[in-house]
Structure formats: structure tokens, C-alpha cells
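Student: I would like to learn how to read the features of a model like this one. Please take me through them one at a time.

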Amino acid sequence: MPHLSRIPKVDRILAHPAAAAWLQTYRRPLLLRAIRQVLDDLRDELRGGASLPALETIIARIGAELLRLDTPHLCRVVNGTGTVINTNLGRSPLPPTVARQMLETATHYSNLEFDLAAGERGERYSHVEPLVCELTGAEAAIVVNNNAAALLLALASMGRGREVIVSRGELVEIGGSFRIPEVMTQSGALLREVGTTNRTHLKDYRGAITEQTGLLLKVSCSNFAVVGFTAEVGAGELAALAREAALPLLVDCGSGLMIDLEPLLGCGEKTVQHYLQSGADVVVCSGDKLLGGPQIGIIAGKREFIAPMKKHPLLRALRVDKMTLAALEGVLRLYRDERQAREEIPTLRMLTMTEEELARRGGRMVRRLRSHLPAGLRLSLVSGFSMVGGGALPLLQLPTRLISLQSDTLSAGEIEVLLRRADTPVIGRIARGAFLLDVRTVMDDDLPLLAAALEGLE
Ligand SMILES: *Cc1c(COP(=O)(O)O)cnc(C)c1O
């Protein structure tokens, strides 16, 4: 029979000198919560056959619980994975100047839905629509929660109860529960697949057009590649067919790329402008992939299709908040000067770093980190590859430099766990028995935090 009655009471803990010290830092309700949590855990442990620890051990556990309760659960991490658009780690970090604008909007009142010139009710989307149009050449635009929402709204508005023709090779799953056929079902549009997994021709689309057809859909296959015997119909050809049949063409371009990265990366990802210039009536894309902005879905295109979406009942359920709008506006403004966008938007900055730059950065980081290193830990700079991530350019491997960490006493797996659980968690990868941190995705101001995490590896 466990001696549950021997577990100290809350009052006894509160009378302990540690409690007075805690109350200098923490609010009383938080302390009570921590005490009750630890005492509850102890009760469970005793019932499970464990013996009662010493009072000082209990006090230490309460201290640790307090610290845990007082630390935000959603927290900054150091991305050493080399995957630039890392969905698990929050996709695109925002430029600090944009974050400041966002904070101002978050902590004060704003003209979110107030027209300052006219002194009357304004439109939430008016802050970003002109910018999207200016940058992409679209007539009209609207923004929603993310690209999945953008596609849902566009399909519901343009294709409800009608058939939507899409290539079998483009019925993709993006991750988790986002699958094109399922989004289509939810929108009330009817899927009409054409072609085969690897090859779809213009005649396949043409042959499927009937009285029931509502629109043609093209999805950019951003997170995988079909290689070998393949054929897909480009946006230009598809747009010509759509015009001939008096149907709209909707393109889901995924990444939201707005500047041509081909000369820099030698890659073939198409821009939003490319699809609109090719004749797409509406293009939808993400805000936090290659655009490098906040989580958002952009819908851009012809006014006749965007205007009904602004009145669609789904819009209210998918709408974005003021902080996101402030962030998007800030990021889009940087795109007015392509060079400024490349320099200030972290996602673009990281993607376009040259190998020489990465080697120099890596050298600097290693020198800096070595001065804090506990004994038995060794650092070296090795060559490797980074990934774009975010379901963009899956085949592109960007040459990079990796900081390789090896220890006399810890295995790569143990280093991985310890750094992942550091005060500022550091996330890397393990390859060939070494723990690796990619220089490309470690940000400049991460360095002191990384140094502190390494110091803790003793
Ligand atoms: C990423 C992606 C989506 C989903 O975008 P979210 O912004 O994550 O909702 C949809 N379609 C394509 C082609 C994508 O690449």
C-alpha cells in the first residue's frame, strides 16, 4: 500500500524557503499550478510502486515545472536542417522591418476596415490588393488564410456543381490532409480527371470538355517530379484551349514565386506572373513558401472572377487577420525592388547565397563557436547540399557547407537529442555518424544561442 499521506501538502511546500524565492519571480497561481502538478505526478508514481523522493528533490521538480510552465510552448528554434522552407519549423521567417510593422498593427488600433480618405467603412483587402496587382499584373486580388483556402474558395466560387478538368498527373497530395481531389469535393466542384500519371496531352483536355464543364485547372507539381517518359500541357496552351471553349483557367502555382530565380539557381519553377501572362484567368499561391512572407493564400486574376469571391460566404471563414495583412503588405512592398527583395527577405536571401559566401560564413561560424566549445567536442566544415523545401523544387540540391559536430563521449544521436532539448532548441540532421548543421539556414543572430547550446553539451 503506497503511503500517499506522506506526500507533502501544498502548505508545507509554500512554507519552504524556496517558495518565497519563487514568488519573487512568478505569480502565485502559477506556483500553485506547478506544485499541484508535481504532487499529482508523485501520487501516480507512488501508486505505481515508486518510493517517495526526498523533499529537496520534490522542491527541485517544482522549480523545473515552474520554468516549463513559464516558457512559451511555441518558441524560436535554430534551423540547422538546410531545408530553407521548412514546414515543421514554420516555413518562412519574416524580415525584421516587416515584423516591426506587424507588431505595431497588433498592439494598436489600425485602419483595417476603415477608409481614412473617405471617413467611411473600408475593405480589409484594400491594403494588399493594389500591391498584388502591381507586382503580378493581375486585375484584382484577394487574400485568405493559406493556399489550401485559396484553392477551396476559387473552386467553390468558379466551379461549384460543375466539372473541373484536371490532369491525372496533377492530382497531388501536399502534406497531411491536403489533397487536390478532396479539396475539390469540399468545394462542391466535380473532378474530371484526364490523361495518365506521366503523360497528359492537350487533346485529353479537349476531349473532356462538355456542357457540364465549369473550368480547367492546372496544379503545379511542386513537391515531386515525374521523370522519364512524360508530357504535360503548359499554361499557355491550356489557356488557349480554355478561351476557345469559353471556360476559365485556374492555376494553383503553389510556391508563390514572384521573381525569376532561374538565373540564380538554374531551376525551372515558374512565377505567378508567368502563369498570368500565359493567360491563366486566376492564379492561387502560398504566401510562406518561395514568396517568403506570412502564411497566406493569394488569389490573383481577372476582376470578373475575383469580384464574386469577395462576396462569397466562405470568405468570412477563410479571412486573414490584421497582423498577417501587415506582414504581407510589408513583404510585397520589398518586391518593388527585386534586389531589395532578394537581400531582405530571409527565404530568398538563404536560397540565393553563393557557395563562396557559404564557405566564408561557415568559416566564421566555426571560429566563433570553437571559442566556447566544451572539451571533447570537435567542429569541422564539410560540403553537402541544402534543399528548398516547402514542396518547392524537390530535385534541386543547393551546394552548401555543413558544420559537423563530433564528440569523444556523445554519439551523433545523443548530440541531436541534447541540442533539440536545449533552451533554444537547435535542429540539425545526422549523416554518416556525424551531427550536421547547415550554414545556409542558421541565421546570423542565431549564433550566440547556438554557442550557448553547444556549451551545454558537456
Ligand atoms: C503548398 C501547396 C499548397 C498548399 O498551400 P498552403 O499555403 O500550405 O495551404 C497547395 N497547392 C500547391 C501546388 C502547393 O505547392
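Student: Which residue stands opposite L436 in strand 18?

Tutor: First, what is shown: this is a predicted model, in which local features need pLDDT of at least 70 and side-chain atom pairs count only at pLDDT 80 or more, while totals for chains, interfaces and linings use all residues. Residues are numbered from 1 along each chain as its sequence is written, and side-chain values use heavy atoms, with hydrogens and water left out. Helices (H or I, at least four residues) and strands (E, at least two) are DSSP runs, numbered from the N terminus. The residue opposite L436 is S404. Strand 15 and strand 18 (residues 434-438) run antiparallel and are joined by four bridges.

Student: Which strands form the sheet, and in what order?

Tutor: Two strands pair if DSSP finds at least two bridges between them. Here five strands make an open sheet with mixed pairing, in the order 2-14-15-18-17. Strand 2 (83-85) and strand 17 (429-431) are the edges, each pairing on one side only. On average, neighbouring strands are turned by 40° against each other, direction ignored.

Student: Which helix packs on the sheet?

Tutor: Contact means heavy atoms within 4.5 Å. Axes are lines fitted to C-alpha atoms, for helices over the stretch in contact, and angles run from 0 to 180 degrees between N-to-C directions. Helix 19 packs on the sheet and touches strand 14, strand 15, strand 17 and strand 18. The direction of helix 19 makes about 45° with that of strand 18.

Student: Which residues of helix 10 are buried?

Tutor: Buried means under 20% relative accessible area, exposed over 50%, and partly exposed in between (1.4 Å probe, protein chains only). In helix 10 (residues 235-244) the buried residues are A235, L238, A239, L241 and A242. They fall within an arc of 160° seen down the helix axis, so they line one face of helix 10; the arc is that of the directions from the axis to the C-beta atoms. In general, an α-helix has 3.6 residues a turn, so residues three or four places apart point the same way.

Student: What do the buried residues of helix 10 pack against, and what lies on the face turned away?

Tutor: The buried residues are in contact with helix 9 (202-208), strand 10 (213-219), strand 11 (249-254) and helix 12 (272-277). The face turned away carries the exposed R243 and E244. After helix 10 comes A246, with a positive phi near 55°.

Student: How many salt bridges does the count come to?

Tutor: A salt bridge is a side-chain nitrogen of Lys or Arg within 4 Å of a carboxyl oxygen of Asp or Glu. By this rule there are 29. One of them joins E129 and K310, at 2.9 Å from N to O. E129 lies in helix 6 (residues 129-136) and K310 in helix 13 (residues 303-310), so the pair ties together parts 181 residues apart in sequence. E129 is buried at 14% relative accessible area, and K310 is partly exposed at 27%.

Student: Where do the partners R378 and D408 lie?

Tutor: R378 is in strand 14 (residues 377-389) and D408 in the loop between strand 15 (392-407) and helix 19 (412-420), 30 residues apart. Their side chains meet in a salt bridge of 2.5 Å, N to O. R378 is partly exposed, at 43% relative accessible area, and D408 is exposed, at 58%.
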